[in-house]
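I am opening a notebook on a structure that is new to me, and I want to go from the whole chain down to one residue. My entries follow in the order in which I looked things up.

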Amino acid sequence: MTRLYAAGGKAVAVIEDSRVETALDGRGARCVAVDPEDQDTLYVGTSDEGLFKSEDGGGSWDKLSGIEHPRITAVAVSPADGAVYAGTEPSALFVSRDKGGSWRELENMRHLPSAPTWSFPPRPWTSHVRAIALSHADPALVVSGIELGGVVRSTDGGETWQDQRPGAQADCHALAAHRNVPDLLYEAAGGGFAQSRDFGDSWEAADEGMGCRYVWGLAVDAEDPTLVYASAASGPGQAHGGGPSDATIYRRVEGGQWEPVLEGLAAFPYALCSDPEAHGALYAGFGDGMILYSPAAGESWGEVVRVPSGLQALAAVSA
């Protein structure tokens, strides 16, 4: 059995057996991460009220203190050593090595030479950490995606940083690693899709077959690192505007070309996540609150449930 956590629509939804329980109502939930060592422990970042933690699968919550900025735009838990990383707007990265009890800014990221050029187009005076990737094999490897500022990398747990990595897309929306191939890293971005074979040090474009290049959602199969999914629209106006997104969900198998598995979508599929219980199974969460499930690598789909509109992030765990 799989449990889903959905962040967005100003709340967190916990979905199990098609039952929906909501929490953190009105808090502006926008990102979620589950502790890989304890799947009842999760962290949720909010738009302007900081970071929250639950240790009982979303039943109760504690607000965490110690992060300077209240707008939490990304959160991740290291599968290698359990450290928790939180990204913010304005762009800054914080780490906790005691499960959220205390936090320290990894301030050298803000002092990279490219930092003054980071700018988020709708609010050009600022930018934010949109994605965080942590290695399954080396707890010192940290990769951060800035919207809009590119992909930056640390090899010492965030103490020092390598500036914008060659070949990476500048408008990073999502990063994904896989436990079976520790050096592999994928990026979904506003200019297309890219991949790295050295955990973010160098990148190459990998979007052959994609008709839409404004890529947002990203998921890798739980067992097969070569089975990858991405959601995309033709541009930001179509993805985030008020009209039909005309978006596509794509699938790529064993490094081949991308192929569409759902096309002409009205609502934008902001969140994709693989089912940890079933090879080839995928969840897709849409901006209007609909969550679909495909048991067969996108060949067929069924509706799981609807949550409040505004869904932005999904996480799936074994219940």
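## Notebook entries

I began with the surface, and I found that the protein chain exposes about 12200 Å², of which carbon and sulfur atoms supply 46%. I note for myself that this is a predicted model, so every value here is computed from it.

Next I looked up the charges: the protein chain carries 22 positive and 44 negative side chains, and the centres of these two sets lie 4 Å apart.

I then turned to the overall form. The protein chain has one helix and 27 strands, and its C-alpha atoms fill a box of roughly 45 × 45 × 40 Å along the principal axes. For 319 residues a compact globule would have a radius of gyration near 20 Å, and the 18 Å that I found for the protein chain agrees with this.

I also asked about the interior, where buried residues make up 58% of the 319 residues. Among contacts with a separation of 6 or more, 45% are between residues 24 or more positions apart.

Last, I picked out Ala 13, which lies in strand S2, residues 11–16. Is Ala 13 buried or exposed? Its relative accessibility is 4%, and because buried means under 20%, Ala 13 counts as buried. Leaving aside neighbours within four places in sequence, I listed its contacts as Leu 4, Tyr 5, Ala 6, Val 20, Glu 21, Thr 22 and Val 307. I also checked Ala 13 against Pro 79, and these two are 66 residues apart in sequence and 24 Å apart in space, C-alpha to C-alpha.

Methods: Residues numbered from 1 in each chain as written. Predicted model: local features only at pLDDT ≥ 70, side-chain atom pairs only at ≥ 80, totals over all residues. Heavy atoms only, no water. Helix = DSSP H or I, 4+ residues; strand = E, 2+ residues; numbered from the N terminus. Rg over C-alpha atoms; globule rule 2.2 N^0.38 Å. Buried < 20%, exposed > 50% of the residue type's maximum accessible area, 1.4 Å probe, protein only. Contact = heavy atoms within 4.5 Å. Areas by Shrake-Rupley, 256 points an atom, 1.4 Å probe, with all protein chains shown as cover. Lys, Arg positive; Asp, Glu negative; His and termini not counted. Charge placed at Lys NZ, Arg CZ, Asp CG, Glu CD.
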